[in-house]
Amino acid sequence: MRYIADQLSKSDADIVALQECWVSSDFSYIIRRNKKKFPYVKYFYSGMLAGSGLVIMSRFPMESANMQPYTINGRPSAFFRGDWYVGKGIATAVIRHPSGVPIELFNTHMHAPYGPGDASYVCHRTLQAWQMARQIRAAVERGHLVLAVGDFNSRPGSLTYELLTQRAGLRDSWTTFRGIEPDDIDVASLTPEQQIKILGVTCDSQLNTWRADRHISEAQRLDYCFHAPGISDIDDISVAFVDPVPGLGCSASDHFGLMVKIRMVPQVPEILNSGLQQYREERRPIQFAVDNYNSILTTIASYRPTAVAQQFWRLLHFWVSVVALIALHIGCFWISKGWPVFLVLLGSVVIAVTGVIDGLIGFLFGRFELRTLQEFEEEVSWELGLVMSTSAPDDATFVRKSVSASISSRPMKDDFGAT
């Protein structure tokens, strides 16, 4: 982190967004090293441990800054992963550019994928992207020039990517400048150097010492700078912090960074006088495809059994623990002294603690997650119905009826949890 701070102090950047800045001493060093270059700095506090790790630094004044934690962000039971405990979310800062244009910067670090299936957390990241897209649309309507940056932990073409580029109406800076669409080139056909230069690979590159053992086909682009088309353009973009840290021989991070040169179009002040004007004619965001809405609903439906099962097994563990504790206490009548007494007491403590923790997770978080998924599903369904109504009223009526039926058939099960 010190190397990154030193390099930033030498750069010509106007605005910097950092992720995974979790150690207070690192943040203090960054401030000291860059206080003259970036006089406006905001660290965003969130979560129970370490914090969100999100930082925004600017040469220009910040009018406001806030942190919006994601509604769901992993599970408290996955303590070994840590996502839930650091409180990941959306850090936002409104920056006043010398031209008078308000720039609203969104900085985020979405839930990481840890493997296939349940461990991929696709549903959680999709909901996070849905929340972020909604905030971005609101910022546009406020007349702000929007930029969204960070570690999205999602590949180009994913639902997260589509939500940011379609529903939020932004565009991928790499695609804007390089003119390369996500599926144009097979990543495995390129050398590690070409993957970075042509495709903008930021993660799992063989040139990254923390990921050097990855297969060349695993290299991917997970970090982005999304910009508002029509009112901003990209003059240059490149992957940063590729070379190893001098003297250490290791990469500065497990993800490479991005350096983007953004230009505002001359007429941007007039356009931003009314944010709604960006939604008219050529500046109107591409309509989110119906297939994408259906994909989100399918993702929710596929994940819901996992959430129900997680809640069921934790509640079952709680009730089994209650029975086991009663049995152990009864057994104490037949144990007078010695090691058996100690083992019974130790077992009682372990069973009580783990049972209560799992019970709380099942009763509280399990219920919360299922209700959040239900709300997410309803929001997507109603928006899909609205989209359908603009093109096919009869289809829209069918969508609303089918959505209403599917939603109303589940609440009772979700409310009572262990079903």
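The entries below go from the helix pair to the pockets and then to the cavity.

**Ground rules.** I worked on a predicted model, where local features need pLDDT of at least 70, side-chain atom pairs count only at pLDDT 80 or more, and totals for chains, interfaces and linings use all residues. Residues are numbered from 1 along each chain as its sequence is written, and side-chain values use heavy atoms, with hydrogens and water left out.

**Helix pair.** I took helices (H or I, at least four residues) and strands (E, at least two) as DSSP runs, numbered from the N terminus. The axes of H1 (residues 2-10) and H2 (residues 24-34) come within 9 Å and cross at roughly 20 degrees. Axes here are lines fitted to C-alpha atoms, for helices over the stretch in contact, and angles run from 0 to 180 degrees between N-to-C directions. H1 and H2 are therefore roughly parallel to each other (angles under 35 degrees count as such). For the contact (heavy atoms within 4.5 Å), I found Arg-2, Ala-5, Asp-6, Leu-8 and Ser-9 of H1 meeting Tyr-29, Ile-30, Arg-33 and Asn-34 of H2. These residues divide into four nonpolar, two polar and three charged. I counted Ala, Val, Leu, Ile, Met, Phe, Trp, Tyr, Cys and Pro as nonpolar, Asp, Glu, Lys and Arg as charged, and the others, Gly among them, as polar.

**Pockets.** On a 1 Å grid over the protein atoms alone, a pocket is an open set of points with protein on both sides within 12 Å along at least five of seven lines, a cavity is a set where a 1.4 Å probe fits but cannot get out, and lining residues have an atom within 4 Å of a point. Grid points are joined across faces, edges and corners, and a volume is the space filled by probe spheres set on the points.

How much space lies in the largest pocket? I noted about 1400 Å³. Its lining has 45 residues, with Ile-15, Val-16, Ala-17, Leu-258 and Met-259 nearest the centre. S11 gives the largest share of that lining, eight residues. By class I listed 28 nonpolar, seven polar and ten charged.

The second largest pocket holds about 600 Å³. Its lining has ten nonpolar, eleven polar and twelve charged residues, and H4 gives the most to it, with three.

**Cavity.** My search of the whole structure turned up one cavity of 30 Å³ or more. The largest cavity has about 50 Å³ of space, and H10 supplies the largest share of its lining, five residues.

How values were computed: Angles under 35 degrees count as roughly parallel, over 145 as roughly antiparallel, 65 to 115 as roughly perpendicular and the rest as oblique.
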